[in-house]
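Please look at the sequence and the model below before reading on.

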Amino acid sequence: MTNYLLSVVQPTGGVPDPDVLAKIMVDVGAVNEQMRQAGVWVFGGGLHLPDTATTLRPDGRGDVLVVDGPYVETKEYLGGFTIIDVPDLDAALDWGRRLQSAITLPIEVRPFRD
């Protein structure tokens, strides 16, 4: 079995209307439950907005610089993630498709290194 990261690619901007968001949350909860029942779900969760992040970066002199916010400014950010344990990429893509359909945002599927 291989662990895969299913990353939610969140666009910057507004939040969906409450009714739309409520349906998304129900649909995502259903996919998460399917993953648990199938025994592939390892861990997952949503993240706060990037302005709550603190970035640690090397300063080039052996020290670490602490910076408020994300490392780079982009139009997209990591909005949440799920880690699954599945036999192969095809299985990971299947779960990624299900999650994408539920969450209605792009999902990046990437294996962990051994």
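Pro58 has Val64 in S4 as its bridge partner. These two residues belong to a pair of antiparallel strands, S3 (residues 54-58) and S4 (residues 64-68), joined over five bridges. This is a predicted model, in which local features need pLDDT of at least 70 and side-chain atom pairs count only at pLDDT 80 or more, while totals for chains, interfaces and linings use all residues. Residues are numbered from 1 along each chain as its sequence is written, and side-chain values use heavy atoms, with hydrogens and water left out.

**The chain as a whole**

- The protein chain has two helices and six strands; helices (H or I, at least four residues) and strands (E, at least two) are DSSP runs, numbered from the N terminus.
- Read from the N terminus, the order of elements is β-α-β-β-β-β-α-β.
- The C-alpha trace spans about 50 × 40 × 20 Å along its principal axes.
- Of the 114 residues in the protein chain, 25% are buried; buried means under 20% relative accessible area, exposed means over 50%, and partly exposed lies in between (1.4 Å probe, protein chains only).
- Among contacts with a separation of 6 or more, 75% are between residues 24 or more positions apart; contact means heavy atoms within 4.5 Å.

**The hairpin**

- S3 and S4 form a hairpin, with five residues between the two strands.
- Gly60, in the turn, has a positive phi of about 90°.

**The four-stranded sheet**

- Strands of a sheet pair through backbone hydrogen bonds, either parallel or antiparallel.
- Here an open sheet of four strands has the order S2-S5-S1-S6, and the pairing is antiparallel; two strands pair if DSSP finds at least two bridges between them.
- Strand S2 (41-46) and strand S6 (107-111) are at the edges with a single partner strand each, so one side of each has no neighbour in the sheet.
- Direction ignored, neighbouring strands of this sheet are turned by 20° against each other on average.
- S1 and S5 are antiparallel and pair over 10 bridges; one of the paired positions is Leu5, whose bridge partner in S5 is Ile83.
- Strand S1 (residues 2-11) is also joined to S6, by five bridges, and these two strands run antiparallel.
- Along S6, Ile107 stands opposite Val8, and Val109 stands opposite Leu6.

**The two helices**

- Two packed helices are described by the angle between their axes and the distance between the axes.
- Helix H1 (residues 18-38) packs with helix H2 (residues 89-103) at an angle of about 160°, and their axes are 7 Å apart; axes are lines fitted to C-alpha atoms, for helices over the stretch in contact, and angles run from 0 to 180 degrees between N-to-C directions.
- H1 is therefore roughly antiparallel to H2; angles over 145 degrees count as roughly antiparallel, under 35 as roughly parallel, 65 to 115 as roughly perpendicular and the rest as oblique.
- From H1, Ile24, Asp27, Val28, Val31, Gln34, Met35 and Ala38 meet Trp95, Arg98, Leu99, Ala102 and Ile103 in H2.
- By type, the residues in the contact of H1 with H2 are nine nonpolar, one polar and two charged; Ala, Val, Leu, Ile, Met, Phe, Trp, Tyr, Cys and Pro count as nonpolar, Asp, Glu, Lys and Arg as charged, and the others, Gly among them, as polar.

**Two buried residues**

- Ala92 lies in helix H2 and is buried, with a relative accessible area of 0%.
- Not counting residues up to four places away in sequence, Ala92 touches Tyr4, Leu6, Ile84, Val86 and Val109.
- Ala92 and Leu49 are 43 residues apart in sequence, and their C-alpha atoms are 26 Å apart in space.
- Asn32 is in helix H1 and counts as buried at 18% relative accessibility.
- Leaving aside neighbours within four places in sequence, Asn32 is in contact with Trp41 and Thr82.

**A backbone detail**

- Most residues other than glycine have a negative phi, and most peptide bonds are trans.
- Thr104, in the loop between H2 and S6, has a phi near 65°, a positive value in a residue other than glycine.
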